[in-house]
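Trainee: Hi, could you walk me through this model? I'd like to start with the overall fold.

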Amino acid sequence: MTGHVFIATSLDGYIARPDGDIGWLLARDDPQEDHGYDAFIADKDAIVMGRGSYEKVATFDTWPYDRPVLVLSRQLAGTPVPDRLRGKVRFADLAPLDAMRALEQDGARRVYVDGGQVVQAFLRAGLIEDMVITTVPVLIGAGRRLFGELPGDRDLALVASRSFPSGLVQSTYRVLP
Ligand SMILES: NC(=O)c1ccc[n+]([C@@H]2O[C@H](COP(=O)([O-])OP(=O)(O)OC[C@H]3O[C@@H](n4cnc5c(N)ncnc54)[C@H](OP(=O)(O)O)[C@@H]3O)[C@@H](O)[C@H]2O)c1
């Protein structure tokens, strides 16, 4: 079981504004550019995300995922999944390792891990194998952080890096054991 991150961040390290707004990110998404999401998701079996990410995606007109999604949340665990997402989404209050074990029981092996707090928790638990980080050339000054406190340094190996005409810079890192 391995966790994999594919996420965009402002240059100053935020994935969303304090209220969860990602308009600054969507505004810079050039549909002419392939930032590699389809290739990334192709070999993932399931998605785990935090309530913060779920609550944003749930406002979209269409549900964007065709993989089973496990939403980690103390608040949502035990509450019913909205009708339109039944069979696509599960809510659970699980620690990272237990979440991975639950997904493994469903046959998943490679898991897309999404959401700032959840990525941080999975990194602390040593469950992330690699991260594709796309840096957007904007400073937003405040917001929800991609990375946070760690019990110790985590060494990463740069696997690849590329830039796009739009100014996005995408780096792939392997998390070293
Ligand atoms: N820039 C990007 O590429 C990108 C990607 C993903 C998301 N986003 C944006 O980022 C925002 C969400 O990120 P976020 O960092 O605020 O939240 P998040 O990681 O998506 O969700 C955090 C919530 O997950 C729940 N949770 C359950 N178990 C947890 C655990 N073990 N560790 C941490 N959290 C756990 C908690 O909710 P309870 O209080 O219910 O327990 C916590 O408040 C949204 O605005 C979303 O649109 C941006």
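Mentor: Happy to. There is an open sheet of eight strands in the order E5-E4-E3-E6-E1-E7-E10-E9, with mixed pairing. Strands here are DSSP runs (E, at least two residues), helices are H or I runs of at least four, and both are numbered from the N terminus; two strands pair if DSSP finds at least two bridges between them.

Trainee: Which are the edge strands?

Mentor: Strand E5 (89-92) and strand E9 (156-163), each of which pairs on one side only. From one strand to the next, the twist averages 20 degrees.

Trainee: Before I go on, what should I know about the model itself?

Mentor: This is a predicted model, where local features need pLDDT of at least 70 and side-chain atom pairs count only at pLDDT 80 or more, while totals for chains, interfaces and linings use all residues. Residues are numbered from 1 along each chain as its sequence is written, and side-chain values use heavy atoms, leaving out hydrogens and water.

Trainee: Okay, how many bridges join E7 to E10?

Mentor: Six, between strand E7 (residues 128-136) and strand E10 (residues 169-175), which run antiparallel. Thr134 stands opposite Gln170 in E10, and Met131 has Tyr173 as its bridge partner there.

Trainee: And how many between E9 and E10?

Mentor: Seven, again with the strands antiparallel. Ala157 stands opposite Arg174 in E10. The hairpin of E9 and E10 has five residues between the strands, and Gly167 takes a positive phi near 105 degrees in that hairpin.

Trainee: Switching topic: which residues come nearest to the ligand?

Mentor: Ala8, Arg51, Ser53, Ser73 and Arg74, out of 24 residues around the ligand. A residue is counted as near if one of its heavy atoms lies within 4 Å.

Trainee: What lies 2.5 Å from a ligand oxygen atom?

Mentor: A polar side-chain atom of Ser73. For Arg74, a backbone N or O atom lies 2.7 Å from an oxygen atom of the ligand, and for Ile15 a backbone N or O atom is 3.1 Å from a ligand nitrogen atom.

Trainee: How much of the ligand does the protein bury?

Mentor: The protein buries 89% of the 930 Å² that the ligand exposes when taken alone. Those accessible areas come from the Shrake-Rupley method with a 1.4 Å probe.

Trainee: Which elements supply at least two residues each of that shell?

Mentor: E1, strand E2 (14-16), helix H3 (51-57) and H5 each do.

Note on methods: Axes are lines fitted to C-alpha atoms, for helices over the stretch in contact, and angles run from 0 to 180 degrees between N-to-C directions. A polar contact is a pair of N or O atoms within 3.5 Å; within protein, one must be able to donate a hydrogen and the other to accept it, and residues adjacent in sequence count only if both atoms are side-chain atoms.
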